[in-house]
Amino acid sequence: MGLSVAVTQAQPKYGVGTSTYLLRPDRVFDGETMHADWVVLVKGEKIEAVGRPAAVNAAGAEVIDLKGTTLMPGLIEGHSHLLLHPYNETPWDDQVLREARSLRVARATVHAEKTLLAGFTTVRDLGTEGADYDDVGLKQAINQGIIPGPRMIVATRALIATGSYAPKGFSPDIEVPQGAEEADGHDKLIQAVRRQIGKGADVVKVYADYRWGLMADARPTYTLDELKLIVETAKSSGRSVVAHAGTAEGMRRAILAGCETLEHGDAGTPEIFALMKQHNTALCPTLAAGDAVSQYRGWKKGSEPEPERIRQKRITFRQALDAGVTICFGGDVGVFAHGDNARELEMMVEYGMKPLEVLRSATSVNADVFHLADRGRVRPGLLADLVAVMGDPTQNIAQVRQIRLVMKGGTLYK
Ligand SMILES: [Zn+2]
């Protein structure tokens, strides 16, 4: 029988900050520009003051000397899957079909800690890939201070058109579990969107195209009307919609339907990117995922010429930049190792962005695109989500890997 007892509040291991710190780096990147000779005062979980030392009243603060470092807002990963691990360890099909949910969650707790310690204090986690609503509990465990990890924006199961996102190679007589929730048509789509929101989705993810059936190439899945319905249903609850879209037609429909970010965009065209610019749709290019998958398929990066897929990606990414499309930082991490999120930052530079632009993308731009007004900048009143890296990452982006300090909500993790 049940027993009613007096509940005492357990002291969380990773709570919000209660201390006052004065951080003294060589320079501060505030999410938009660099400032030499700035200090940052943190009080409790928020940033209290920033500026030249003489202008900041630091009486009573514990001083943290960060000589040789650049202090920045905690980085915001725009496209993660904490419930996946690299496909060269276990192929996606086998993760979905053969791994117990308990195993996947146990791994995800480790992924969360690695992500945070690498300086990524927020992730937009875009689908559990067959692990139902397990991202919701993971997020709660982090928010309750039970395990260390980043703040999470979760998509839960994500939406797919029937039969379009499953492990492949099975007899059509067998029902194979899908990598997301199947829903089509008016009533079913409304119900699925509302159910996912009701169970904890902060954002709704839809697969606007995919490789399905026996064809090897990706094709659009949902109709424009279906996508519009998903957006309208999500919007009425204040949630935005993000679309996996790799084909030009899938992208076009997702843009016109009002999806706020497009993931991948590999086969975009100048016309499509112009349409994105016109509709203020952001692109999350996931360069590192394509690069990783090509290497898993046997490409010897560095010693062999780039495969066609990579050459094309460079071209379309350049077209997106030329069209002035807002670029979100998001690597589709999980395809490659959690904690190695910086790989995408390095590749954005390699594919043509300036390091300063890349850092903006990973901080203030992602905060704006994801509607996170409380973070992404070093500014009084915002959350004290901060990282310090050795050297100056606007000169050499690889410095983001030289982590000296990680703070989330005023609590020091490193
Ligand atoms: Zn993904």
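What percentage of the 414 residues of the protein chain count as buried? The figure is 48%, where buried means 20 or more other C-beta atoms within 10 Å of the residue's own, exposed means 12 or fewer, partly exposed is in between, and C-beta atoms are placed from the backbone.

Two notes on the source. This is a predicted model, in which local features need pLDDT of at least 70 and side-chain atom pairs count only at pLDDT 80 or more, while totals for chains, interfaces and linings use all residues. Residues are numbered from 1 along each chain as its sequence is written.

Now the overall fold. The protein chain has 11 helices and 19 strands; these are DSSP runs numbered from the N terminus, H or I of at least four residues for helices and E of at least two for strands. The radius of gyration is 22 Å, close to the 22 Å from the globule rule for 414 residues, so the chain is as compact as a globular protein of that length. That radius is taken over C-alpha atoms, and the rule is 2.2 Å times the number of residues to the power 0.38. Along the principal axes, the C-alpha atoms fill a box of roughly 70 × 65 × 40 Å. Of the contacts with a separation of 6 or more, 69% are between residues 24 or more positions apart; a contact here means C-beta atoms, placed from the backbone, within 7 Å.

From the record, the unreviewed UniProt entry carries the annotation "domain: Amidohydrolase-related" over residues 70-411. UniProt positions are in the numbering used here, feature names are shortened, and such annotations may be inferred rather than shown by experiment. In the model, that span is 37% helix and 16% strand, and its end C-alpha atoms lie 19 Å apart.

How is the protein chain divided into domains? Domain 1 is 20-73 + 377-412, and domain 2 is 75-369; the bounds come from an automatic or database domain assignment. Their C-alpha centres lie 30 Å apart. At the boundary, 17 residues of domain 1 are in contact with 18 residues of domain 2. On the domain 1 side, the elements giving two or more residues are strand 5 (62-73) and strand 18 (403-408).

The core takes at least three residues from each of domain 1 and domain 2. Beyond four places in sequence, Val 204 is in contact with residues including Ala 155, Leu 159, Ile 230 and Val 241.

Helix 11 also holds Thr 363. Is Thr 363 buried or exposed? Thr 363 is buried, because 27 other C-beta atoms lie within 10 Å. Residues up to four places away aside, Thr 363 touches Gly 31, Met 72, Pro 73, Leu 75, Ile 76, Gly 376 and Arg 377. Its C-alpha atom is 9.9 Å from that of Phe 29, 334 residues apart along the chain.

Last, some loop residues. The loop between strand 7 (120-125) and helix 3 (134-143) contains Glu 129, and Asp 132 is in that loop too. Most residues other than glycine have a negative phi. Glu 129, however, has a positive phi of about 55°, and phi of Asp 132 is near 45°. Glu 129 is buried, with 20 C-beta neighbours inside 10 Å, whereas Asp 132, with 14, is partly exposed.

Leu 214 sits in the loop between strand 12 (209-210) and strand 13 (219-220). Leu 214 has 7 other C-beta atoms within 10 Å, so it is exposed. The C-alpha atoms of Leu 214 and Gly 169 are separated by 8.8 Å, at 45 residues apart along the chain.

Key: Two residues are in contact if their C-beta atoms, placed from the backbone, lie within 7 Å.
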